[in-house]
Amino acid sequence: MNKRNLGKLIAIVVAVLILVVAAVNPIKNKINLGLDLRGGLHVVLEAVGTPENPVTDEKVKDAKAIIENRVNGMGVREPIVQREGDRRIIVQLAGINDPEEAARVIGKTAVLEFKTEDGKTIVTGKDLKDARAQLNQANEPEVHLQFNPEGAKKFAEATAQNVGRPIGIYLDKQRISNPVVREPIPNGQAVISGGFQSLQQAENEAVLLRSGALPVNLEMVEKRTVGPYLGQDSLQKSFKAGIIGILAIFIFMLIFYRSPGLVAILSLILYATLVLGVMVLFKATLTLPGIAGFILSIGMAVDANIIIYERLKEELRAGKTLLAAIDAGFSHAFWTIFDSNLTTLIGAGVLLYFGTGLIKGFAVTLSIGIILSMFTAITFSRLVLRLMASSKLITNPKYYGV
């Protein structure tokens with residue numbers, strides 16, 4: 001028995017088991033769950049026109065784009081923003097902690113105006129280049145504004161003409177600050193302070209200002225907090241069914257492929273941990289379609305192992321040595337697995353490009369699963385099997401399913 005290779009084999013197995021155990025709690029606590037699994041906020045907005053500003057298809061389309069920008073600025077993962085009919089926009093946000101604040105940000109008009117003492121408007125939100133929230137030296141939240149070149153020019157002229165006098169800052173026609181101009185401000189920068197209760201509120205205002213004003217009034221016709229679509233009981237049953245299905249796969253692999261089957265089980269456990277770990281790392285959102293993509297990729301990972309092991313058995317039956325059979329089995333199976341995964345990956349890429357919301361969740365999970373299954377099935381399994389053979393731990397062909 002080659003003790004050196006046996007030591008490497010044991011070290012790899014122990015390292016994988018430690019990784020899996022250590023990753024359980026971080027994955028469980030940090031993975032983002034979609035609206036269908038976690039619940040969240042469901043809002044329906046309806047465009048309301050006026051004789052001066054009628055509702056058009058283009059305005060509703062622009063309003064949808066602005067709302068998407070606002071929602072993305074709130075840091076919500078994989079939100080659903082879609083049109084319903086000619087006038088309505090549906091917004092679904094998973095895991096929202098403050099539904100009231102989220103609903104306010106989604107539908108607010110956000111008209112910014114700087115006005116002189118006599119009520120003359122100097123600059124508006126149209127002149128704005130950027131808006132960012134931060135805490136000042138007194139630990140108070142404020143929003144820093146940067147105007148575009150035209151706005152900066154207007155602001156510089158206005159501050160030069162109003163030194164010693166106040167310039168009011170109005171948000172949605174409500175004055176939130178009335179600072180006195182001490183000196184001309186030529187760089188197009190301004191600060192809104194004193195009107196925010198928290199940094200989060202300041203950040204939400206900054207999101208509103210960056211997104212701009214809505215092109216048409218939106219009336220909130222429905223707002224409700226929703227629970228997981230499946231319900232806790234159904235989720236538990238689904239989880240139980242998944243465990244039973246995975247155990248059935250493990251038993252099948254052990255019966256038909258024996259020691260390579262054991263390697264496949266270790267490979268699949270590593271694979272599942274890596275997929276979920278990558279989703280946590282990239283802050284992807286796990287949805288029901290995402291779970292479907294995950295399960296589908298597990299099936300493809302099992303298929304890859306089966307293709308390799310069948311070729312391995314053929315090589316052993318042909319009389320090759322164990323190491324030569326392992327190398328030949330992996331080499332001959334590689335292009336079959338590669339072609340199969342590549343076509344699926346192309347399909348996932350198309351879904352990711354053209355899909356929205358839940359469809360993208362499915363495509364992302366499937367893509368991550370395909371890439372990682374190639375690594376675990378071809379690279380990891382091959383390394384472990386070679387170490388198993390070269391250490392002479394298991395050399396009898398009958399323990400390789402022959």
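Two strands count as paired if DSSP finds at least two bridges between them, and strands themselves are DSSP runs of E, at least two residues long, while helices are runs of H or I, at least four long, both numbered from the N terminus. Good morning, everyone; with that in hand, let's look at Phe 114, which stands opposite Val 123 in β6.

First, a word on the source. This is a predicted model, where local features need pLDDT of at least 70, side-chain atom pairs count only at pLDDT 80 or more, and totals for chains, interfaces and linings use all residues. Residues are numbered from 1 along each chain as its sequence is written, and side-chain values use heavy atoms, with hydrogens and water left out.

Back to the strands. β5 (residues 112-115) is joined to β6 (residues 121-124) by three bridges, running antiparallel. The two form a hairpin with five residues between them, and Gly 119 in the turn has a positive phi of about 85°. β5 also pairs with β9 (residues 168-171), again antiparallel, over four bridges; there, Leu 112 has Leu 171 as its bridge partner.

Next, an open sheet of three strands, in the order β7-β8-β11, with antiparallel pairing. Why is one side of β7 and of β11 left without a neighbour in the sheet? β7 (128-135) and β11 (189-193) stand at the edges, so each has a single partner strand. Angles here run from 0 to 180 degrees between N-to-C directions, with axes fitted to C-alpha atoms, for helices over the stretch in contact.

Now the helices. α1 (residues 3-30) and α8 (residues 259-281) pack at about 35°, their axes 9 Å apart. The contact includes Val 13, Val 16 and Leu 17 of α1, and Leu 266, Ile 269 and Leu 270 of α8.

Finally, the cores. A nonpolar core is a set of buried Ala, Val, Leu, Ile, Met, Phe, Trp, Tyr and Cys residues joined through side-chain atoms within 4.5 Å, buried meaning under 20% relative accessible area with a 1.4 Å probe, protein chains only. The largest has 51 residues, and Tyr 271 is among those with the most contacts inside it. Among the elements giving two or more residues to this core are α1 and α8. A second, separate core of 21 residues includes Ile 122 and Leu 145.

Technical notes: Contact means heavy atoms within 4.5 Å. Buried means under 20% relative accessible area, exposed over 50%, partly exposed in between (1.4 Å probe, protein chains only).
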